[in-house]
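Take a look at the structure below.

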Amino acid sequence: MATRWGVCSAGLISNDFCSALKSLPISEHEVVAVAARQKENAEKFAEKYGIPTAYGSYEDLAKDPNVEIAYVGAIHPVHFKICMLLLEHGKHVLCEKPLTLTLQEAKDVIAKAKEKKLFFMEGFWTRFFPAVLRMQEEIQAGNLGHINFLRANFCVPASSVQRLTKKEMGGGGLMDLGCYTVQYANLVFREQPEKIIAVGDLTEEGVDRSGTVVLKYKGGSMAVLCYSFDNALGQNNITLYGSKGNLQVRTR
């Protein structure tokens, strides 16, 4: 029987999610409902993707007994509220990154999911790229030996995107771009760093346009992570330096 999905938000990211889900057999995954703040937008979205039910509020979707799991594609300042609403109504949740605006909100959401015994996941799609899966295979096979150093860059010219530049929309390069580099360090080292050093540059509105983060782990391993929405690099790569060999995942 197909997993029955509900989609919270009818924005661009939710469009991408539904397009990807439509590539899988309907016997495995089916979108049965969509919700948006304006019902008209939900109805247009539902018509585009052949979704049978459209709601004008996230609460209505949360109460729908036909929805098993919900994808949260709304802007991240409202992630916490929507996730808690869904979990309270017994829905499994896949929430787009970044999970929440604060550490405490993230802890509260995870605690609620554990309390309700529900599946909960932050949606970093890059972890499932074929190249990244191959990177993990090489690490697990021991082909790189001990990973001594990781460098990850994500710098793109995106200063026209309001969700990055507007403080009230949860803006900031770390929240939208830098988090990808952080999750690569988490994926490779699988432990909390012993020391964190971070420097960056703020816009006039007080959000970080760029930054460099150094993570130092026990045993001496380090990660250097760079992000920016004002500047572009020739390539945004992940590079691993191991005791037996090096590995680089390139953007192109």
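## Lys 116 in helix α5

Lys 116 counts as partly exposed, because its relative accessibility is 34%. The model is a predicted one. Lys 116 sits in helix α5.

What does Lys 116 touch, leaving aside residues up to four places away in sequence? The answer is Leu 87 and Glu 88. Now compare Lys 116 with Met 1. In sequence, the two are 115 residues apart. In space, their C-alpha atoms are 23 Å apart.

## Helices α4 and α5

Helix α4 covers residues 79–88, and helix α5 covers residues 103–116. Their axes come within 10 Å and cross at roughly 10 degrees. An angle under 35 degrees counts as roughly parallel, so α4 is roughly parallel to α5.

Which residues make the contact? From α4 come Phe 80, Cys 83, Met 84, Leu 87 and Glu 88. From α5 come Glu 105, Asp 108, Val 109, Lys 112, Ala 113 and Lys 116. Sorted by class, this contact has 6 nonpolar residues, 5 charged residues and no polar ones.

Helix α2 runs over residues 39–49. Its buried residues are Ala 42, Phe 45, Ala 46 and Tyr 49. Why do they lie on the same side of α2? They cover an arc of only 100 degrees around the axis, and that puts them on the same side. An α-helix has 3.6 residues a turn, so residues three or four places apart point the same way.

What do the buried residues of α2 pack against? Their partners are α1 (12–21), β2 (29–35) and β3 (53–55). The face turned away from the buried side carries Lys 44, Glu 47 and Lys 48, which are exposed. Just after α2 comes Gly 50, with a positive phi of about 65 degrees.

## Helix α6 and Gln 136

Helix α6 spans residues 130–140. Val 132, Met 135, Gln 136 and Glu 138 are buried in α6. Seen down the helix axis, these buried residues fall within an arc of 160 degrees, so they line one face of α6. Pro 130 and Gln 140 are exposed on the other side. The buried residues of α6 pack against α8 (173–189), β11 (238–242) and β12 (246–249). Just after α6, Gly 142 takes a positive phi of about 80 degrees.

Look at one of these buried residues, Gln 136. Gln 136 counts as buried because its relative accessibility is 15%, and the cut-off for buried is under 20%. Leaving out residues up to four places away in sequence, Gln 136 touches Arg 127, Leu 187 and Arg 190.

## Ser 228 in strand β10

The last stop is a strand residue. Strand β10 covers residues 222–228, and Ser 228 belongs to it. Is Ser 228 buried or exposed? At 4% relative accessibility, Ser 228 counts as buried.

What does the side chain of Ser 228 reach at 3.0 Å? It reaches the backbone nitrogen of Asp 230. Ser 228 also touches Phe 154, Cys 155, Val 156, Leu 177, Arg 209 and Ser 210. That list does not count residues up to four places away in sequence.

Methods:
Residues are numbered from 1 along each chain as its sequence is written. This is a predicted model: local features need pLDDT of at least 70, side-chain atom pairs count only at pLDDT 80 or more; totals for chains, interfaces and linings use all residues. Side-chain values use heavy atoms; hydrogens and water are left out. Buried means under 20% relative accessible area, exposed over 50%, partly exposed in between (1.4 Å probe, protein chains only). Helices (H or I, at least four residues) and strands (E, at least two) are DSSP runs, numbered from the N terminus. The arc is that of the directions from the helix axis to the C-beta atoms. Contact means heavy atoms within 4.5 Å. A polar contact is a pair of N or O atoms within 3.5 Å; within protein, one must be able to donate a hydrogen and the other to accept it, and residues adjacent in sequence count only if both atoms are side-chain atoms. Axes are lines fitted to C-alpha atoms, for helices over the stretch in contact, and angles run from 0 to 180 degrees between N-to-C directions. Angles under 35 degrees count as roughly parallel, over 145 as roughly antiparallel, 65 to 115 as roughly perpendicular and the rest as oblique. Ala, Val, Leu, Ile, Met, Phe, Trp, Tyr, Cys and Pro count as nonpolar, Asp, Glu, Lys and Arg as charged, and the others, Gly among them, as polar.
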